[in-house]
Amino acid sequence: MAIGSGLGAQLGIAAETTYGTFVAPAKFIEFTKESLVLKKTTAQSAGIAAGRLLALSSRRVLTRKEVSGSIDLEVTNKAMGLLLQALMGTSVTPVQQGATTAYLQTHTLADTAGKSLTIQKGVPLTTGTVTDKTFLGCKVTSGEFACEVGGMLTGSFEFDGKDCDEGQTLAAASYSNMTPFHFGQMALKTGTFGAETALDGIRKVSVKVERPQDVERFYANQAALKKEPISNDQVKITGTLETDYVATTLDDLHTSDAATSLVWEFVGANIASTYFDTFRITLPAVKLDEGPPVVDGFGVVKPSFNFTALYDGTNPVKIEYISTDTTV
C-alpha cells in the first residue's frame with residue numbers, strides 16, 4: 001500500500017503510436033505539481049412536461065470530453081527526453097558519444113504532428129490505495145523553463161488531451177537515480193552564432209516555447225472526442241533575462257534592435273571522458289523587446305529584459321540534452 005497522500009502519487013508517460021491510443025508507461029517522472037483533469041461538456045433537456053418542477057436526471061447527456069492541465073517539475077539529468085520531444089516535435093534517437101555511456105539528444109524545432117503522450121497518474125486515497133487516471137492523446141501546447149539565483153532549473157508543461165481512461169492497470173513506478181540541474185551549473189552566452197561568450201550579471205533566465213494548435217477538432221462520428229490537434233500558428237518563443245546592470249551589452253541590443261544568438265546551458269557531473277550531464281537551449285536569433293535600465297532607488301540597478309526568439313534563416317532553435325538515457 002502507498003502513503004495516503006500526495007507522497008504516494010506517481011506519473012508515468014509513454015509516447016503514443018496512434019493519437020489517443022493507450023500505451024503502457026515505462027518511464028516515470030518526478031514532479032512537483034500537476035493539474036491534469038478531464039473536462040466534460042453536458043447538456044440538459046429542457047422539455048416542458050405538465051407539473052414537472054425539476055429537470056430529469058435521465059435527460060442529461062454528455063456531449064464532449066477533453067483533457068487539460070499542466071505538469072511542473074525540476075529538470076533532471078535523466079528521463080526528460082519524451083517531454084522535450086513532445087514539445088519540440090523532432091523524432092529523436094539518442095547518439096552515443098564516443099564509446100562512453102553518454103548519449104546526446106538534439107531536439108530541433110519541428111511540427112508536433114504525431115507527437116502525443118499517454119500520461120498515467122496515480123492518485124492515492126487516504127487508505128493508501130492508489131487510483132488510476134490515464135490521460136490519452138496528450139499534446140504539449142507550451143513548455144517553460146526557468147532558473148534563478150539559488151534555485152533549480154524548473155520546467156512547466158501545458159497539455160491538451162483527448163480522454164481520460166480509468167480502466168487501465170496502474171503501472172508499478174520505478175525511478176532512475178536522477179539529479180536536478182541548478183543555478184550553480186548555469187551559464188548564459190550571447191553574441192555571434194557559434195562564437196557566443198559568457199554574459200555577466202545574469203540573475204534569472206526564463207524561456208517559454210508555445211505551440212499553438214487547433215484543439216477544437218470535435219466532429220460527428222467521434223463519440224464526443226476530438227481528433228488530434230493541428231498546428232494553426234507559428235511557434236512563439238519568448239523569455240526574460242533578470243540582471244544587474246554590470247554592462248551595456250543588453251541595453252545596446254535593446255536600443256539598436258539588433259539580433260544576438262543566445263545559449264542557455266547547464267553542465268552537470270561528468271559522465272565519461274569529456275562528456276557531462278547537459279541541458280542546453282540554443283536560440284540563434286533573439287531580439288530584446290523591452291527592459292532598458294531605470295533607477296528606482298539607492299540600490300543596484302536591476303533591469304529585466306524581455307526577448308523574442310526568431311529564425312535567423314539558417315540555424316534551427318534546439319534543445320540539447322546529454323544523459324545516460326539510451327532511449328528517449
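This is a predicted model: local features need pLDDT of at least 70, side-chain atom pairs count only at pLDDT 80 or more; totals for chains, interfaces and linings use all residues.
Buried means under 20% relative accessible area, exposed means over 50%, and partly exposed sits in between (1.4 Å probe, protein chains only).

Residues are numbered from 1 along each chain as its sequence is written, and side-chain values use heavy atoms, with hydrogens and water left out.

Now the salt bridges. Take one to be a side-chain nitrogen of Lys or Arg within 4 Å of a carboxyl oxygen of Asp or Glu, and the count comes to 17. Here are three of them:

| Pair | N to O |
|---|---|
| Lys133 and Glu166 | 2.6 Å |
| Asp160 and Lys226 | 2.8 Å |
| Asp244 and Arg203 | 4.0 Å |

Asp244 lies in the loop between strand 17 (236-243) and helix 2 (249-256) while Arg203 is in strand 14 (residues 202-210), so this pair ties together parts 41 residues apart in sequence. Helices (H or I, at least four residues) and strands (E, at least two) are DSSP runs, numbered from the N terminus. Asp244 counts as buried at 19% relative accessibility, and Arg203 is partly exposed at 35%. Salt bridges with shared partners also join Arg64, Glu66, Asp160, Glu216 and Lys226 into one network. Within it, both Asp160 and Lys226 are buried.
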